[in-house]
Amino acid sequence: MNAPLPHPSAPDEMVDGHGHVRPHWRRVLAAFSDLPQDYAGRGIGEAVRRLDRAFEDEGVVSLLPGAARPGRAWRCDPVPLPLPAREFAALAEGLAQRARLLERLLLDFYGPQSLLAEGLVPPALVFANPAFLRPCRAADRPPAGPLLTTYAADLLRAADGGWRVLADRTSRAAGIGHAQENRRILARVVPGLFRGQQVRPLRPFFDRWQDALQRLSPRGPGNAALALLTPGVHHPLWFEHVLLAGELSCALVEPGDLTARNGALFLKTLRGLQPVDVLLRRMDGRQLDPLEFGGHGGVPGLMDAARNGAVRIVNAPGCGMVEAPALAALLPELCRRLLGEALLLPSVETHWLASPGTLEMVLRAPGEWLLRPAFDGGAPAQHPALMPEAAREALLRRLAERPQDWAATRDMPPSVAPCADGERLSPRPVILRLFLAQDGAEWQAMPGGLARVPGGPGELTGRLPQDGLAKDVWVLAEEGAEILGPAALPRQPLPIRRAAGELPSRVADNMFWLGRHVERLEGAARLMRAALARLERDPLLPREFAELAALSAALRHAGLVPAEETPGGAASAALQAALWRSLREGGAVGRQMAEIARLVGAVRDRLTGDIHTLFTLPLRAVQVQAAAQHRGAQGLEEALAGVLRYCAGVAGAAAENMVRAGGHAFLDLGRRVERAQSIAAQLRFALDQPASRVEGGLRLALELCDSVITYRSRYLGVLQPAPALDLVLADPGNPRGLAFQLRAIGRLLADIGGGPEQDLLPQAEALLAAVEEMPLAVQAAHDPALAAVQLAPRLAALEGEVAALSDHVSRRYFALLPPAQSLGQEMAKEPSVLFWGAA
Amino acid sequence: MTLWRIRHATTYRYAEPVDMASHMLHLSPRPLPHQRVRWEKMACAPEPARVSSSVDHFGNRVTWLFLDRPHARFEVVAEAEIEVAFPAPPPADQTPPWEQVAAEAARDAAVAEFTFPSPLLPEHAGARDYAAQSFTPGRPVLAALLELNGRIRRDFTFRAGVTGIATPVGQVLAQRMGVCQDFTHLMLCGLRGLGLPARYVSGYIRTLPPPGGVVHLGADQSHAWVGAWLGAQAGWVDLDPTNDLVVRDEHVVLGWGRDFQDISPLRGIILGGGRHSLNVAVDLIPA
């Protein structure tokens, strides 16, 4: 464990000043002594291991994009942090007051700014604050409140036993979904802990919050469409966005899924544009709208839609400005002036160094302070006490030069709480994050929270880190206390929907391409295996030589080996080496596997934990196998077998476990399109022979379509063009044949429904008719062998037609928009382009 | 009092059709105590699907347009008739010492905003030092401002095409040339470095000189200059460093902000369009 050792003067959560265990900890400890010791007496250690595994299999870790990064994810300690009912009630009241105060400040800063005019707030706190978003203020009308409807605060316990606020979180209140996930998994993995405890459940809070979000809808709460806006799968807290979207029944959307039109906000779905009424943003306000805040991401026109009242953004962009550490020093006075109340829950002693006398005070004893940028509550603090002499001197010089850029917070050791440490419990410092939501009438605190053990002094303040050790926070119910249920809000019954209509276009697009790439991977492996089988025979028969030539052509066509690799004899070693290169990272197949991993990550929120495991773990194993040092035909064969097993596993899991409509339909559509294309391509190369060698071509065609056994059982040993081609082209029952794919494509297009597929269906049907006609023509031909080899160019054309169908599917369903570009920000290149004040 | 007729036409031509576009415009002249907007109109082609307007944080009028039909050309023509008569500033030697103005500004919420660095104008020691040469201890603020205004006109060459919208002040200082936006940015940066409030004013200057006069630099295009603060009593005065002028009756104000970005006349986000070309024509003629 790399957690810092507790400070000797740090207060202890569990033990009081006399060495006695506090009453509310007794039951928690008792539960631990009751844990089953059936793993050689290792109760606590076993709980830790099971929790870690659960988080990996179904929790936070499994939601991380790409290859799982062990040790780079949040873990959950089995020992919760209990809070007595009375203590929590006081915290909730204090935080609710702070939230009300901060809302009042925001309404003034984004409205009349009378606090500045009256001199209660120095102008720098607003105007030099980069989180003050000028486009969110209109000089001619007050802001449409409420601005702040979710709020979180980081707290630590002072030596006097009272809690202090270390940081206010008004932009996004990150960590709330994470807290819920800790509770869910802890309760499932170590249920014994909860036995006999009066722990308040979290679910009612989420129900109320969801109701509150519904009520914020400009269209009224009845059928408000909620969406949670995430920057995407690469955001460090993406896992939380997935969890929270599920918890609150929000659509999980990325900026590219949204479009602002005519002063309203819409989600691009397969069934067209669906309005979004409430947008729970998990992005910085400055990234929301490139038209008004600059930058490249975001949704152009979103602020226009918000000003228009068509969509409510939660929290309103610009709320982050009151996270400024420099503001903390003013809160007691502002609370008295604005609310007429004393501040119930004070901040850790914090000063803005622009205030008279404060710089001198800090410079006299710099080791007693944490230094934070004055306006950025998300930046980590500097600890002069822990810095080397030279770095400290440099920091203090910067402080003296520009004191207005800095705030100083008293360096106060957090309290310690017991954490699992092998088979024992050891005290570790803890910081508590609590969450509140405005329910339309008052602020509700979530009866729980996210406690975390800071990984180092830099993690005391600042943004939520990407990893660390978290603890579940238990708010204990008072004996006999009533536990509130969800607010009763009449909601209109949802219409029953069965088709894929509500699927965001981006998700359908990713599913489609996931299907295509998995199938392409499988096709590549089959082709490579067929070539490899021949390379191993030495010397080659003339027939095999021709087959290898056809296979090489197919391999080159598929981009699996470079054009200069030639088949046969002395070059077989070269071909084998080329296959290896293709399989490795950066090679054609290696890139294929990387793309699959990326797409699986991108659709992670649409896959259950089990399916996700099936889609990722075997792939990683194959990647490892391909990267292995040993070479040779044997190793290659094993790696290809691994690839084929992976592809079969994905197909099976998808077929058995995914709901037919929606994502699965597009996954399957992608697979069928890709397979149809690759069958057409491979048959074309197999048949590209002189008529006298047609038999070899047919044999290869059957092999590539995995149809050798079927053919033999039907026709025994006699190989003839028409029956062989019927099996691989037209037989509706052969899942490796072309007709089968085209039929499936037609059926899937009809299933997806929604209207726009009407002219895609005839396209698919025309292709099917053309394919069914091919073996009939060969059979009827005077010279079937010649007719068979003459199909090669027609199959090449067919490959192109399937590709065209795929393009049409993309254009129809995925609403690919051209890239956005910004005007009026470009560099002037010539005098005629000089404009806008560039004289 | 002078009566002006403004016509400001902006035309974008796109190599490929633009599917959708959102634009934000600061093209409506701001009504002021000494600037009256008699009439104004704005015409767009194609017709936008949505037009909305508001008053921004700085008090400027802002318009948003949304176009949802494919178009290969986008044109905005803003026209207005304006009366202007900005009063003469007080005698320079009667204005307060510049240090006193800076101290006053730090406490005055209404002007303090314009003393801080802004996105395009971070602190720059070179710009501060350049300005400081005119701000000798105890010098009346307007005397120093007028000298700085003239020094920029003399020290820098007006040349289009050597700078862009976001050219840093340091580069302008080094190459000693640029256009009105660059000179304005330089002066703003220098004044703020001294703690003096200074704002970026966007607008127009008369296109053709009166008979026998000289053609102003920066005519035919959008123009920009500096609003400087003389203390609570005298308030703001506008200075045009490109032409070494005090703004009286040959300029029309569109609005102001901290730098160009706050008040750019027209910006937009378009979907599609490929390469584009832009043509801007401005006429400010006596009505």
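This is a predicted model: local features need pLDDT of at least 70, side-chain atom pairs count only at pLDDT 80 or more; totals for chains, interfaces and linings use all residues.
Colleague: What makes strand 6 and strand 7 of chain A a pair, and in which sense do they run?

Modeller: Two strands pair if DSSP finds at least two bridges between them. Strand 6 (residues 258-261) and strand 7 (residues 264-269) of chain A share 4 bridges and run antiparallel, so they meet that rule. Residues are numbered from 1 along each chain as its sequence is written, with chains lettered from A and ligands numbered from 1 in the order in which they are written.

Colleague: How do you know how many helices and strands chain A has?

Modeller: They are DSSP runs numbered from the N terminus: helices are H or I with at least four residues, strands are E with at least two. Counted that way, chain A comes to 27 helices and 20 strands.

Colleague: What makes a residue of chain A count as buried, and what share of the chain does?

Modeller: Buried means 20 or more other C-beta atoms within 10 Å of its own (12 or fewer is exposed, in between is partly exposed, and C-beta atoms are placed from the backbone). Of the 839 residues of chain A, 51% qualify.

Colleague: Why are strand 11 and strand 12 of chain A said to stand at the edges?

Modeller: The open sheet has 3 strands in the order 11-13-12, paired antiparallel. Strand 11 (350-352) and strand 12 (369-373) each have a single partner strand, so one side of each lacks a neighbour in the sheet. Neighbouring strands are turned by 25° on average, direction ignored, with axes fitted as lines to C-alpha atoms (for helices over the stretch in contact) and angles running from 0 to 180 degrees between N-to-C directions. Strand 12 joins strand 13 (residues 406-410) through 5 bridges, and L371(A) stands opposite A408(A).

Colleague: What makes up the contact of chain A with chain B?

Modeller: Residues are in contact if their C-beta atoms, placed from the backbone, lie within 7 Å. That takes 48 residues from chain B and 44 from chain A. Strand 13 of chain B gives the largest share of its side, 7 residues.

Colleague: How do you know that strand 20 of chain A pairs with strand 13 of chain B?

Modeller: There are 4 bridges between strand 20 (residues 820-823) of chain A and strand 13 of chain B, which run antiparallel. Among the bridge partners are S822(A) and I269(B).

Methods:
Two residues are in contact if their C-beta atoms, placed from the backbone, lie within 7 Å.
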